[in-house]
Structures are given as C-alpha cells and as structure tokens.
Amino acid sequence: MTVYLVVSAINISLKEVYFGFLESSPFVGFKNYVQVFRSPAFWNAMRFSLFFGSITTVLELFLGFLLAYFYYSKFRGLRLPFTLLITPILMAPSLFGLMNRILLNNFIGLIPGYIKFFFGLDLDLFAPKNVFWTLVFVDALQWTPFTFLVIYAALISIPPQLIEAANIDGAKRLHIINYIVIPYVTPALIVSGFLRFLESFRVFDTVYVLTGGGPGSLTTSISIYIYRVGFTMGNQGLASAVGMTLFAFMMIPAFIFSKLMKRRW
C-alpha cells in the first residue's frame, strides 16, 4: 500500500495535474520540482518548519526530562498526577489548538487578561513578533507529556541498587544524573526526540487552527503550504512534487536516527 502511494505521488508530481484530472494531464517531467526549488514560498515554509521542529524538540526533551526525573524522585507510583500529566496528549491537536486560541486571545482570553491584570501589560500573543513563540508554547504544552512518558518509562527501568549504591558511596545528585541516569535514558531521549521532530516538522492541525499559517506567510508550515498548493490552488502536480521533496528531506533524520540506535549506550 505504501509503495503504491509513493509510486502514485511520483507519477502525479511528473504531470501538470489540476483538480484531479490525472488521465488528461500532460507529462511535464521535472518541471514541478524545478518550480518547487525556485519558489520563495516553499523555502519560507521549510525554514519555518525546520526552526519550529528543532526548537520544540529541544524544549520538549529538556522539559520532559526534568519533569520525568522530578516525578520519578518525588511521586513515583502515584496514579492521579500521572494521569493528569499525560492528559494533553490524549486530546486531538485541532481541539487543543482551538482551546488555546480562545485562552490566548487578546480580547477574550484568560491568559492575556491575567497578564494585564497583574503586570499591566497589554500583550497580543498573536502579533507578528510573538506568534512564533506562542505556537512553540502551545506545542510544548501538549507534547512535553509525550517525552515525559517515554523518559519516565526508561527511568523506572534503572536498577534501584545502582542509585542506592551511589548514595551510600556519597555521590552527589548531579553525579548520579550524569553517570547513571543519562546513560540509561539516552535511547529514550533519541527515540522521543526523533518522533517529536518528525511530528513538529510536519505540524498542521495546531498551527492551522491557531493562525491559519499567518499573519501573511509568517507561520506557514510545509504541511500548510502543501495543503494550499494542492487544495486551494488546485495544483496537485506541484503539491505532489513538494510532498516527494519533503519525503526525501525526512530521510535525513531517519538515517541519523538509525545510525544512533545501532550504537551501544
């Protein structure tokens, strides 16, 4: 099935297809690919997706590790806070984005209202200078629990005798984290980081609901760009060419991930 979809997408990307009229569409070779690489809008979308994917991945790994280690140290075995912590990842991204669109709205949102009440700041979180970090905040709010979950699963696999022996020997907390915890959770960090980068790079639902890719094209991710080209403009040959380019680009992190997982940690 996957092979059929890839072959079909390649076939469409080599034709000038508008609104699904595939059989009567002329063969244009690599014209669509040339158009993609010459398009400033494509590179703007790629730049946004790359920055957004990289920043959210690093932030969510850092916060997920801190949260997982704190929970492992203080609340291990408690079910209620664990359930509350992972609740955001159980929600549909579009619904989560819609909730935050209301909460963060400059006129009716609770958060800008509280900021104005306590600090006297009239903050528009969707203004051009703030909107990128608002999207990063919302993504981290929903998906940090995912990295927490994966890292916490790795933490509870650490033999307790190791940490007890280190404590008896007088090892400081920083040394325990550096020499015992980090080596054990490194594969979990790599897996969760890889999965979060893929998801953040091709983000669609949350950004589309919160900003629609705007203002202008400021927050247009590569997935929103493909949607606009394929369904708003109706140029499905060009959209398929962008999709195949993205597919090839995503092989880079997949290759790096496969190399990292072959190492012994």
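Start by selecting A45, which sits in helix 3, residues 40-74. Helices here (H or I, at least four residues) and strands (E, at least two) are DSSP runs, numbered from the N terminus. This is a predicted model, in which local features need pLDDT of at least 70 and side-chain atom pairs count only at pLDDT 80 or more, while totals for chains, interfaces and linings use all residues. Residues are numbered from 1 along each chain as its sequence is written, and side-chain values use heavy atoms, with hydrogens and water left out.

Is A45 buried or exposed? A45 counts as buried because its relative accessibility is 0%. The cut-offs are under 20% relative accessible area for buried, over 50% for exposed and partly exposed in between, with a 1.4 Å probe and protein chains only. Now show what surrounds A45: leaving aside neighbours within four places in sequence, A45 is in contact with T220, S221, I222 and Y225. Contact means heavy atoms within 4.5 Å.

Y72 counts as buried because its relative accessibility is 7%. Which residues does Y72 contact, neighbours within four places in sequence left aside? They are Y152, L155, I156, I158 and I163. For a distance to check in the viewer, Y72 and F194 are 122 residues apart in sequence and 23 Å apart in space, C-alpha to C-alpha.

**Helix 4 against helix 7**

Next, colour helix 4 (residues 79-86) and helix 7 (residues 131-155), which pack at an angle of about 135 degrees with their axes 8 Å apart. Axes are lines fitted to C-alpha atoms, for helices over the stretch in contact, and angles run from 0 to 180 degrees between N-to-C directions. That angle makes helix 4 oblique to helix 7. Angles under 35 degrees count as roughly parallel, over 145 as roughly antiparallel, 65 to 115 as roughly perpendicular and the rest as oblique.

Show side chains for F82, L85 and I86 of helix 4, and for P145, F148, L149 and Y152 of helix 7, as these make the contact. By class, this contact has seven nonpolar residues, no polar and no charged. Ala, Val, Leu, Ile, Met, Phe, Trp, Tyr, Cys and Pro count as nonpolar, Asp, Glu, Lys and Arg as charged, and the others, Gly among them, as polar.

Select N130, in the loop between helix 6 (110-119) and helix 7. N130 counts as buried, at 17% relative accessibility. Residues up to four places away in sequence aside, N130 touches L123, D124 and L125.

**Helix 9 and helix 12**

Move to helix 9 (residues 173-201) and helix 12, whose axes come within 10 Å and cross at roughly 175 degrees. That makes helix 9 roughly antiparallel to helix 12. On the helix 9 side, the contact includes I190, V191 and F194; on the helix 12 side, L246, F249 and M250 are among the residues taking part. The contact divides into 14 nonpolar, no polar and no charged residues.

While you are in helix 9, select R196. R196 is buried, with a relative accessible area of 4%. Not counting residues up to four places away in sequence, R196 touches T57, E60, D139, W143, F146 and T147.

**A cis bond**

Zoom in on G214 and P215, which are joined by a cis peptide bond with omega at about 0 degrees. Most peptide bonds are trans. P215 lies in the loop between helix 10 (205-210) and helix 11.

**The largest pocket**

How many residues line the largest pocket? There are 17, and I226, G243, M244, L246 and F247 lie nearest its centre. Helix 1 (2-13), helix 11 (222-232) and helix 12 (236-261) each supply at least two lining residues, with the largest share, eight residues, coming from helix 12. By class, the lining has 12 nonpolar, four polar and one charged residues. A pocket is an open set of points on a 1 Å grid over the protein atoms alone, where a 1.4 Å probe fits, with protein on both sides within 12 Å along at least five of seven lines; lining residues have an atom within 4 Å of a point.

**Zoom out**

Finally, show the whole chain, which has 12 helices and zero strands. Of its 265 residues, 41% count as buried.
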